[in-house]
Amino acid sequence: MQSKDESKRPAQPRYRVPFVSFRSAQKDKQFDTILKRVREMYENSQFILGPQVEAFEQSFAQLAGCAHAVGVNSGTDAMILALRALGIGPGDEVITVANSFIASVSAVSLCGATPVLVDVASDYNIDPDCIEKAIGPKTKAIIAVHLTGLPCRMDRIEQISKSANVPVIEDAAQAVGATWAGRRVGGIGKIGCFSLHPLKNLHVWGDGGVATTNDPELAERLRKERNHGLKNRDEVEFFSFNSRLDSVQAIVGLSAVEMLPDVIAQRRKNAALYDSRLRALKGYLEIPTPDKKAFATYHLYVVAAERRDALRDHLDRAGVETKIHYPIPAHLQEAAKSLGLSRGSLPVTEALAGKILSLPIHENLQEAQILEVCDLIEHFYQRSIA
Ligand SMILES: Cc1ncc(COP(=O)(O)O)c(C=O)c1O
């Protein structure tokens, strides 16, 4: 039986180095400001698409280097509404990758269009050569997923998009604040799609998303797409969803925009520390190697590891939490059966799925924790070399 004192003791966390950590001194400081703004919103009863959403959209547009930002209720909806705003539907094809969160693919299917899944390059992002080969008369868009916070090779992708006259949608769900050749993601393609999910570098207290664009007509369309197709209070131009960003989440999002530079700086510092130690394990473990043009934000720090599952167990036993993003590529999911892509059709993606491992990279990690993870990985491989 537990003694009275034992029952009062907080449960020991399962991991000494957890994969995520939501609380920080900076976030705790913002908490009171957020509550004050929520009270003001409550007192003015501005629950839906009020000044809080507008303020958040303005600051997010600046962040993404875009003229317009439209707050919606998730990153997935941002993608669906972007595809719809571009008039994509049944009979159309959209080129994207299987090495992503399922929403990059399901958004296409949910619009009635066909996802055409192509392989990734050595940076784990869409391979521009594969896009070129996949473009055909039915291609109506390319979705470039900036996975882990690393921008895709946007100069090549832009060239392909221009010469084929096919727009690019950027799935920037994991990449807020990242840049390619000094240009911010979300403002490079026709429409950028962001997620505000709690696991993202810039997050709210639930679900949320943003669609960004420099095209005023598309911005207008996206505003209607998220709000029943209404062009004013009473007139409906087309049938659409209710996918508005809540005012409460917009308030939280505004604070998150203010904190993002610190979050990114810390994650990049953590990544540099991992790099400096893990580089020596080349041949056993490959670290991320961003192109010189890329400013990566490290939503994730993904390594490709020999004997990945054994390494993961070793870290787990030592109290280090890791994840795999993503163990089953989209084309091998049951939901994607109708695409007819069997095992072997995307060799790079499939080979990566057996090797990739996401190490903890969050902004609240202590230097000592990262060094401990590096020690453990070194010991694992030293033992296997011996
Ligand atoms: C690459 C990618 N695309 C799209 C999404 C969908 O975003 P949400 O979860 O906000 O719908 C996510 C979120 O996990 C993502 O990582």
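Q: What makes strand 2 and strand 4 (residues 139–145) a pair, and which way do they run?
A: Three bridges join the two strands, which run parallel. Two strands pair if DSSP finds at least two bridges between them, so three bridges meet the criterion. The model is a predicted one, in which local features need pLDDT of at least 70 and side-chain atom pairs count only at pLDDT 80 or more, while totals for chains, interfaces and linings use all residues. Residue numbers start from 1 along each chain as its sequence is written.

Q: How many bridges join strand 2 to strand 3 (residues 114–118)?
A: Five bridges join them, and these strands also run parallel. The bridge partner of Glu93 in strand 3 is Thr114.

Q: What makes strand 2 (residues 93–97) a mostly covered strand?
A: Four of its five residues are buried. A residue is buried if 20 or more other C-beta atoms, placed from the backbone, lie within 10 Å of its own, exposed if 12 or fewer do, and partly exposed in between. For the chain of 386 residues, 44% count as buried.

Q: Which elements make a β-α-β unit with strand 2, and what is its hand?
A: Helix 5 and strand 3 complete the unit, which is right-handed. The term applies because, with the strands pointing away from the viewer, the path from the first strand over the helix to the second runs clockwise.

Q: Which residues of helix 5 are buried, and what covers them?
A: Ala103, Ser104, Val105, Ala107 and Val108 are buried. Their cover includes helix 4, strand 2, strand 3, strand 4 and strand 5 (168–171). Just after helix 5, Gly112 takes a positive phi of about 90°.

Q: Which helices each supply at least two residues of the shell around the ligand?
A: They are helix 4 (75–85) and helix 5 (103–110). In total 15 residues surround the ligand, the closest being Ser74, Gly75, Thr76, Ala173 and Ser195. The shell divides into four nonpolar, nine polar and two charged residues.

Q: How many helices and strands does the chain have, and why is it called as compact as a globular protein of its length?
A: The chain has twelve helices and 13 strands. Its radius of gyration is 22 Å, close to the 21 Å that the globule rule gives for 386 residues, so the chain is as compact as a globular protein of that length. The radius is taken over C-alpha atoms, and the rule is 2.2 Å times the number of residues to the power 0.38.

Key
A residue is near a molecule or strand if its C-beta atom, placed from the backbone, lies within 6 Å of it. Ala, Val, Leu, Ile, Met, Phe, Trp, Tyr, Cys and Pro count as nonpolar, Asp, Glu, Lys and Arg as charged, and the others, Gly among them, as polar. Two residues are in contact if their C-beta atoms, placed from the backbone, lie within 7 Å.
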